[in-house]
Amino acid sequence: MIQKVTKNRAKAISLIATSKQTLERLNTTDKEKYASNTVVDYYDSIHDILESISSTEGIKARGEGAHKELIDHVCKTHTFS
């Protein structure tokens, strides 16, 4: 469920920093040896970026299916396909 919340720029900045840190670590990781961890890390990084975007808009996805709703919302609002 998409809910309105207070816009939080500080949280957005923190989420972007976390995503950058994860991506930097992935650049030094043997992605084939740790394939499952690599997929999880990429997914988490993408999720952090999407949550950062929604955080600046004052939007929060909660409950069952929240990740899909977050992806759908950001893609629709920002015309990503």
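**Close-up 1. Ile16 sits in helix α1, which covers residues 9–26.** Welcome to this predicted model; we start with a single side chain. Leaving aside residues up to four places away in sequence, Ile16 touches Ile49 and Ser52. Ile16 and Ile49 are 33 residues apart along the chain, yet their C-alpha atoms are separated by 6.0 Å.

**Close-up 2. Helices α1 and α2 cross at roughly 160°.** Their axes come within 8 Å. Angles over 145 degrees count as roughly antiparallel, so α1 is roughly antiparallel to α2. The crossing of the two helices is left-handed.

**Close-up 3. Here is the contact of α1 with α2, residue by residue.** From α1 come, among others, Lys11, Leu15, Ile16, Ser19, Leu23 and Arg25. The residues they meet in α2 include Asp41, Tyr42, Ser45, Ile49, Ser52 and Thr56.

**Close-up 4. Helix α2 runs through residues 35–57.** Its 23 residues reach 34 Å from first C-alpha to last, close to the 33 Å expected at 1.5 Å a residue. Among the buried residues of α2 are Thr38, His47, Leu50, Glu51 and Ser54. What covers the buried residues of α2 includes α1, β2 (59–61) and α3 (66–77). After α2 comes Gly58, with a positive phi near 75°.

Technical notes: Residues are numbered from 1 along each chain as its sequence is written. This is a predicted model: local features need pLDDT of at least 70, side-chain atom pairs count only at pLDDT 80 or more; totals for chains, interfaces and linings use all residues. Side-chain values use heavy atoms; hydrogens and water are left out. Helices (H or I, at least four residues) and strands (E, at least two) are DSSP runs, numbered from the N terminus. Contact means heavy atoms within 4.5 Å. The expected span of a helix is 1.5 Å times one less than its number of residues. Buried means under 20% relative accessible area, exposed over 50%, partly exposed in between (1.4 Å probe, protein chains only). Axes are lines fitted to C-alpha atoms, for helices over the stretch in contact, and angles run from 0 to 180 degrees between N-to-C directions. Angles under 35 degrees count as roughly parallel, over 145 as roughly antiparallel, 65 to 115 as roughly perpendicular and the rest as oblique. A crossing is left-handed if the near helix is turned anticlockwise from the far one by less than a right angle, and right-handed if clockwise.
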